[in-house]
Amino acid sequence: MIRSLSGNRAFVLGAALVIAVLMPFVVQDTYWRHLFIIAFIYAMVASNWDLSLGYAGIFNFGHVAFFGVGVYAAALSTKFLGADPWIAIFLGGVAASLAGALVALPVIRLKGIYVVLVTFAFGQLVLQLVLSQSEITGGTQGIVRIPALEAFGYNFLRDFKFGYYYVALGLLVISTIFLRFVVRSDFGMSLRALRDNEEYAVARGIPTGLQRLKVLVVSAFFTGVAGGFFAIYLRVASPEIFGFPVQSLVLSMVLVGGTGTIYGPIAAAVILTFASEMLGSIEGLDEGRVMLIAVAMIIVLLFFPNGLASIWRRRAQRAALADSADKAVAETRLIENSAGASR
Amino acid sequence: MTPDLALEVSGVRAGYDSYDVLMGVSLKVGINERVGLFGPNGHGKTTLLNAISGVIKPRVGNVRFMGDEIAGKSPQAVVDRGLIHVPQANLLFPQMEVMETLELAAFCKRAKPEKSANLDKVLQLFPRLKERRRQQCKTLSGGERQMLSIGVGLMCAPKMLMLDEPTLGLSPKLKDELAVAIGEISQTGIPLLLVEQDISFVLSLADRMYLVDHGEITREVSKGQDVDHEQIMQMYFGEEHA
Amino acid sequence: MMSLDAFSALLVSGLVLGSIYAMMASGLSLVWTTLGIFNFAHGVFMALGAYVAWTVSDAAGLNLWLGFAIAMSVAFMAGLGILIERTVVRPFYGQRDMLLITVMTTLAVMMFLEKGIQMLWGPRLKQLRPIVEGKVSLLGITISAQEAFIIVIAPLVLAALWAFLRWTSTGRGIRAVGQNPDAAKLIGINASAMFAVTFALSAVLAGFTGILLGSLRLLTPGLGAEPLIKAFIIVIFGGMGSLAGTIGAAYIIGLVEAFLITTVGFYWAPSALFIILIAVLLVRPEGLFGRRVA
């Protein structure tokens, strides 16, 4: 039973990858390819966010700030250091990881709502910094004319973003493989143990603070890479990425997709990017799109509080053996107990 | 017409999530009666009180209070009718002062006009609370907290009281004091349903007693009737060990 | 050395900030202690209250109507608070991810209202007329009467809130539900009704704060965004939960911010404040006035 389910999943994943690889041959239009590229970038951010939020259970609300740090790090390094755009993308990841370590300092000592507030305030702080240092960051204007990607004399702007599409897809695939690897490693197991029953995990010798620090640094890396790529691809860095709309959109991808699933947020990122764009293209809805997304977010949370992925999981659970269902009940109890204790 | 029964529970099944704790419980409390409910931990006594007071909804069965059906009603509606549940090991409101808590407890419309009279009654019954009136609930000792908890029940202007293990964790001396106070309360004509683990405490107070075992009422014992200690041991430790 | 005038100016601007923050943060903290959620829409409530008051007073066109405008706005905010509690908070009450989900839903409400305000009232800049006009001399410096009004009215509003929670039956009920909802139910307190009242009260406080701020600053849909971040910091500083701690922290932060603005400048002040916050949390994870909870 279990095998057939995971076999099922492998099939779905393989099919999705094949479709994604072949897509540019079907979709020749720049606009549609652009949407896919943006969706892949958001998918990286959302799935990496899921690592710290869903797997490690850190109520981290500053993840979009890591993305923004990546954007600005890449933009600034091309502008002031004359870095090659490929290097700049990588530097975006490095800078975001450093930011992750910085945020971890207070976060590892705090719990629950304190973590929400500190990480949230961190994002606002970065925004303030960007706005105040306008000689360097361009303030509200942002940074423009960032150099485009090039490899062996091929400019990626050519051929209707054909090249960019594959770079985005490639980064997403690497990031996802990396996330799956992290989640299945001993490290990933210890994160889940900490999330589900901190006292027990600590008693078993799992160092809470160190694991939280690591997960924030790790989950920030590909987020920053996504940010770096975003800057290089769009050739601008603008402070809007720190705003509530982006924050809420990506967060809704994580929660709608289902926390602690990795694939859920990726799927939700693709769906929501297109849904949001479709809504925007309807006559007269352009302005109200944000409002519609907000309503949709609430409706999804009302009916699927564990994310849309829970529909799939619920079906899988029903099929699962009775004893594993019992295990799930026992596990939820544990979680409930620990949640109750933390309030 | 005044009903002769204060409380009548018939065939109640109730529990949490997907499993039942109560397997069809029926009991009666007369209009001037003190009834004990005795049985081992985890056999459904507290669940029964929760099902009566509306904290959980019975899946099947009827609960009639003073002739009215109250099964499935909200706790607020049950309190409004005067059936007051004093829960086990109640922590009350940690950051509220004793006097505030008592005044607050006269929250329902019915209790408000009787507030000052009831307050006098409570302070007379438990003078200790008067000494502690400016202290926050969380600073009270176990015995004081239990007194306050019962006092809070009295402030709701009860027509009947259900007390869940009022002696839990108390010293023998405090238990005696509390027994006297509870006795005095029932002298004023308030019927009682008393859940207890301390058999002598129940016997000293109750007119009648039900034994609860595995979510069912297995026996009814009236005052004067001999209580078979053997049987009680059996309930606790099972037949094979008796 | 700082001159006496500069010091008074600093003190006054710190008090104005502190008053605004105290009214804002106390609503946030009230909802947190009672419902156990953090309302991210609290900032946009502030903007909405100011916009509604602007519409009412603008339509009437008379200063005399300002009181009416405030009343209308307050009533509107109360209704909205109840509506929002019913729709996006109550359905999740008791769920294990409630804190996280309600952060999401209230963020969604924020997005919705902010965009809604922008579409409804348009991009043209607006400002509310001050409730009191003219200038006042205070501590040797001259400030606008509106600022003086804010400094005076905030303690009154907060004292009224405190008295309500402390002395009235409903106020005590709200505290009881926050401290022990199960025990509160068993004495006949309707927890849902208390939640609704709490949310409405908090929305009214935010709306009223918005009206006060709306005559000092220009109205934008994001009027409350920056005060909301400050309110977060304040609630953490105050140790999450006690109203007195929150109010004390609000005035401290207001004064510290005024000091930072004159020393490190307007742009660096928020960053400096944040660094101070982190430093405090590293030493006292339970906040400045908080008690350590197990």
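Buried area is the accessible area that two parts lose on being put together, summed over both. In this predicted model, chain B and chain C bury about 1,900 Å² between them. Carbon and sulfur atoms account for 60% of that area. On the side of chain B, Phe93(B), Glu100(B) and Phe107(B) supply 31% of the area that this chain buries against chain C, more than any other three residues. In terms of contacts, 26 residues of chain B meet 18 residues of chain C.

Five salt bridges are counted between chain B and chain C. In one salt bridge, the side chain of Glu100(B) meets that of Arg175(C), with a distance of 2.6 Å from N to O. Residue pairs in polar contact between chain B and chain C, with both residues at pLDDT 80 or more, number six.

The side of chain B that touches chain C draws two or more residues from each of three elements of chain B, namely α2 (75-81), β6 (83-86) and α3 (98-105). Of these, α3(B) gives the largest share, four residues. By residue class, this side of chain B consists of 15 nonpolar, five polar and six charged residues.

Within chain A, two helix pairs that involve helix α10 (residues 208-234) were examined. Two packed helices are described by the angle between their axes and the distance between the axes. For helix α4 (residues 85-107) of chain A and α10(A), the angle is about 145° and the axes lie 6 Å apart. The crossing of α4(A) with α10(A) is right-handed. The residues of this contact comprise 17 nonpolar and six polar, with no charged residue.

The second pair is formed by helix α8 (residues 186-196) of chain A and α10(A), which pack at an angle of about 115° with their axes 11 Å apart. Here α8(A) passes α10(A) in a left-handed crossing. From α8(A), the contact is made by Phe187(A), Ser190(A), Leu191(A) and Leu194(A). From α10(A), the residues involved are Thr208(A), Gln211(A), Lys214(A) and Val215(A). The contact of α8(A) with α10(A) divides into four nonpolar residues, three polar residues and one charged residue.

Methods. Residues numbered from 1 in each chain as written. Chains lettered and ligands numbered in written order. Predicted model: local features only at pLDDT ≥ 70, side-chain atom pairs only at ≥ 80, totals over all residues. Heavy atoms only, no water. Contact = heavy atoms within 4.5 Å. Buried area = accessible area lost by both parts, 1.4 Å probe. Salt bridge = Lys/Arg side-chain N within 4 Å of Asp/Glu carboxyl O. Polar contact = N/O pair within 3.5 Å; in protein donor to acceptor, adjacent residues only side chain to side chain. Nonpolar A, V, L, I, M, F, W, Y, C, P; charged D, E, K, R; others polar. Axes fitted to C-alpha atoms, helices over the stretch in contact; angles between N-to-C directions. Left-handed = near helix turned anticlockwise from the far one by under 90°.
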